[in-house]
Amino acid sequence: SYQFYNNLSTLFLNRFDNSLEYRSPTFAGVTVNAMYGFGENLEASTTPGVRNEAGDSYALGAQWRSGGFYVGGAYTASDRTTSTGNDLSEWGLGAQYRFGSQTTLGAGYISTDRLGRDTSFTFVSGSLGVGAGTVFLNYVMVDEDTRGSSNRLGLAYAYPLSKRTNAYVATGMTTDLAVGSGAN
């Protein structure tokens with residue numbers, strides 16, 4: 001989904017209900033996270049003695065921070081093995097360097113398998129302090145095995161009115177390379 005300046009805000013799921021998470025202590029800048037979500041889909045299995053795990057989710061991730069440099073990666077999966085759906089999975093890697101309080105440069109790659117459709121997202125983004133506000137720029141190339149590629153570009157300027165409130169203006173553009181510019 002698109003939010004703020006044409007970025008991909010949620011690639012997998014927004015949240016996992018009924019989940020337990022473990023976050024390790026940080027050691028030499030490294031933190032490890034693990035999560036298991038107990039699914040609520042209790043549809044009976046058609047095979048005697050086999051438990052239906054539809055809706056169960058799990059994830060494993062790690063991140064490393066050193067000064068202004070950050071690298072992280074994660075794998076997430078959700079069991080949808082029922083008569084009505086397929087399993088979902090996603091993995092990604094990302095890196096960012098923070099030059100100051102408002103200036104960053106980042107890049108990443110995410111690969112998803114949703115309902116049998118493989119999709120990859122390659123992105124580069126950055127922010128730059130301008131006056132009291134911040135300019136954000138984001139570029140994402142999406143490659144879906146059944147539809148082809150699309151390019152997404154976003155630009156925004158956010159001005160802080162208080163510690164918790166921003167005024168912003170944003171624009172974005174999406175081109176679908178499979179059917180021509182402006183299709184989306």
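Residues 24 or more positions apart account for 36% of the contacts in the protein with a separation of 6 or more, where a contact means heavy atoms within 4.5 Å. The model is predicted: local features need pLDDT of at least 70, side-chain atom pairs count only at pLDDT 80 or more, and totals for chains, interfaces and linings use all residues. Residues are numbered from 1 along each chain as its sequence is written, and side-chain values use heavy atoms, with hydrogens and water left out.

**Secondary structure**
- The protein has zero helices and 13 strands; helices (H or I, at least four residues) and strands (E, at least two) are DSSP runs, numbered from the N terminus.
- Along the sequence the pattern reads β-β-β-β-β-β-β-β-β-β-β-β-β.

**Surface and burial**
- The protein has 184 residues, of which 32% count as buried.
- Buried means under 20% relative accessible area, exposed means over 50%, and partly exposed lies in between (1.4 Å probe, protein chains only).
- The protein exposes about 11600 Å², and carbon and sulfur atoms supply 57% of that area.
- Accessible areas come from the Shrake-Rupley method with a 1.4 Å probe; for residues, only the protein chains shown count as cover.

- Strand β10 (residues 133-144) pairs with strand β11 (residues 148-160) in the antiparallel sense, over eleven bridges; two strands pair if DSSP finds at least two bridges between them.
- V142 has S150 in β11 as its bridge partner.
- Three residues link β10 to β11 in a hairpin.
- β11 also pairs with strand β12 (residues 166-176), in the antiparallel sense and over eleven bridges.
- In this second pairing, Y159 stands opposite A167 in β12.
- The hairpin formed by β11 and β12 has five residues between the strands.

**Aromatic pairs**
- A pair of aromatic rings is described by the distance of the centres and the angle of the planes.
- Rings of Phe, Tyr and Trp (its six-membered ring) pair if their centres lie within 6.5 Å; planes under 30 degrees apart count as stacked, over 60 as edge-to-face and the rest as tilted.
- The count by this rule is four aromatic pairs.
- One of them joins Y36 and F38: the ring centres are 5.0 Å apart and the planes stand at 75°, so the pair is edge-to-face.
- Y36 is partly exposed at 32% relative accessibility, and F38 is partly exposed at 43%.
- Y97 and F99 also form an edge-to-face pair, with 4.7 Å centre to centre and 70° between the planes.
- Y97 is partly exposed, with a relative accessible area of 37%, whereas F99 is exposed at 56%.
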